[in-house]
Amino acid sequence: MVEKRDPSVRALGEALTDRAKAYVVGFTGAPGTGKSTLVDALVTLLRKLDRSVAVIATDPNSSFTGGAILGDRIRMQRHALDPKVFIRSMGARGHLGGLSLAARETIRLLGAFGFDPVIIETVGVGQSELEVAAVSNTTVVVLTPNLGDGVQMIKAGILEIADVFVVNKADLEGHHRAVTELRSMLSLSNIPGSPKVWKPPIIATSAARQEGIEELWAAVEAHRKYLTSTGRAERLAADRLKEETAEVAAEIARERVRQALVEDPALTERLLEKGTPYATAEEILDRTR
Ligand SMILES: Nc1nc2c(ncn2[C@@H]2O[C@H](COP(=O)(O)OP(=O)(O)OP(=O)(O)O)[C@@H](O)[C@H]2O)c(=O)[nH]1
Ligand SMILES: [Mg+2]
């Protein structure tokens, strides 16, 4: 229903606002770095801790099916029959603002249903890593030993969104060098950490061998504490609600404009005469509903 933007979702969401809110952990990184394997390993750990976990796997390049998503399903299949694990693949195409609107709504509902944390995995192409950071409380950026030429391989902007770095595939050659390179890069770009300033830790994992996963979860928990103790958590939540409001408003406005242009041929005629959209857009938005 959320994915179809079904109108009843609104009432459902509004009825559930008093319920628990999920902590959202986003995983992003280049294709094949091991995000799905890592999430699967983390789910295994969280189930040992008796937590209910939801996983949303998004693929910005597909609507509802796709190779990567099918792969995720298969990789996480050992949790598929566990009632305390919810796994959902969501395509991002077709939603205004990429994955954000439907994902935010889904996160809200999953939190109300008692899933905590909600984990989001996205392939790091285009804008998707920024989108995942926009809905996550803790953003985990996943890298691998074969960083290529190091610095150049790490896309601009990715350093800023990372709350935790994972260098996965620790079982592969070149792992130490990769960690060292990343560490020196971060020390160049970062102010030293303090209780007021979060310094993203670098966690070495081998998802395939279920190694380093406790350390990864400890880093996420530490970041969660940091957000709460500094008051950033509240500010972030407020900023996100404002941003979501803007997105919802845009969705409503777009729908109204489209409908007016279909229903009012005179309007379309004037629009075509003018040849530019601004005045007509304003005219429609200015109309009382
Ligand atoms: N050697 C090694 N291989 C790993 C490790 N973790 C994952 N892999 C392998 O890396 C490949 C990609 O893993 P995925 O988990 O699908 O990676 P992903 O980042 O989710 O990939 P996309 O969703 O396509 O972006 C698979 O063949 C995994 O088995 C690891 O710790 N060590
Ligand atoms: Mg994956």
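Author: A pocket is an open set of points on a 1 Å grid where a 1.4 Å probe fits, with protein on both sides within 12 Å along at least five of seven lines, and its lining residues have an atom within 4 Å of a point. The model is predicted, with local features needing pLDDT of at least 70 and side-chain atom pairs pLDDT 80 or more, while totals for linings use all residues. Residues are numbered from 1 along each chain, and side-chain values use heavy atoms, leaving out hydrogens and water.

Reader: What is the volume of the largest pocket?
Author: A volume here is the space filled by probe spheres set on the grid points, which are joined across faces, edges and corners. For the largest pocket this comes to about 1500 Å³.

Reader: Which residues lie nearest the centre of the largest pocket?
Author: The lining of the largest pocket is made up of 48 residues. Nearest the centre are Arg104, Glu105, Arg108, Leu241 and Glu244.

Reader: Which element gives the largest share of the lining of the largest pocket?
Author: Helices (DSSP runs of H or I, at least four residues) are numbered from the N terminus. Two or more lining residues come from each of H1 (8–15), H4 (100–112), H5 (128–135), H8 (213–229) and H9 (232–263). The largest share, 16 residues, is that of H9.

Reader: How many residues in the lining of the largest pocket are charged?
Author: Asp, Glu, Lys and Arg count as charged, Ala, Val, Leu, Ile, Met, Phe, Trp, Tyr, Cys and Pro as nonpolar, and the others as polar. The lining of the largest pocket holds 23 nonpolar and seven polar residues, and the number that are charged is 18.

Reader: Which residues lie nearest the centre of the second largest pocket?
Author: The second largest pocket has a volume of about 320 Å³, and H5, H6 (158–161), H8 and H9 each supply at least two residues of its lining. Within this lining of 18 residues, those nearest the centre are Glu160, Asp163, His223, Arg232 and Leu236.

Reader: Does Arg209 count as buried or exposed, and why?
Author: Arg209 sits in the loop between strand S7 (202–204; strands are DSSP runs of E, at least two residues) and H8. Buried means under 20% relative accessible area, partly exposed lies in between, and exposed means over 50%, with a 1.4 Å probe and protein chains only. Because the relative accessibility of Arg209 is 52%, this residue counts as exposed.

Key: Chains are lettered from A and ligands numbered from 1 in the order in which they are written.
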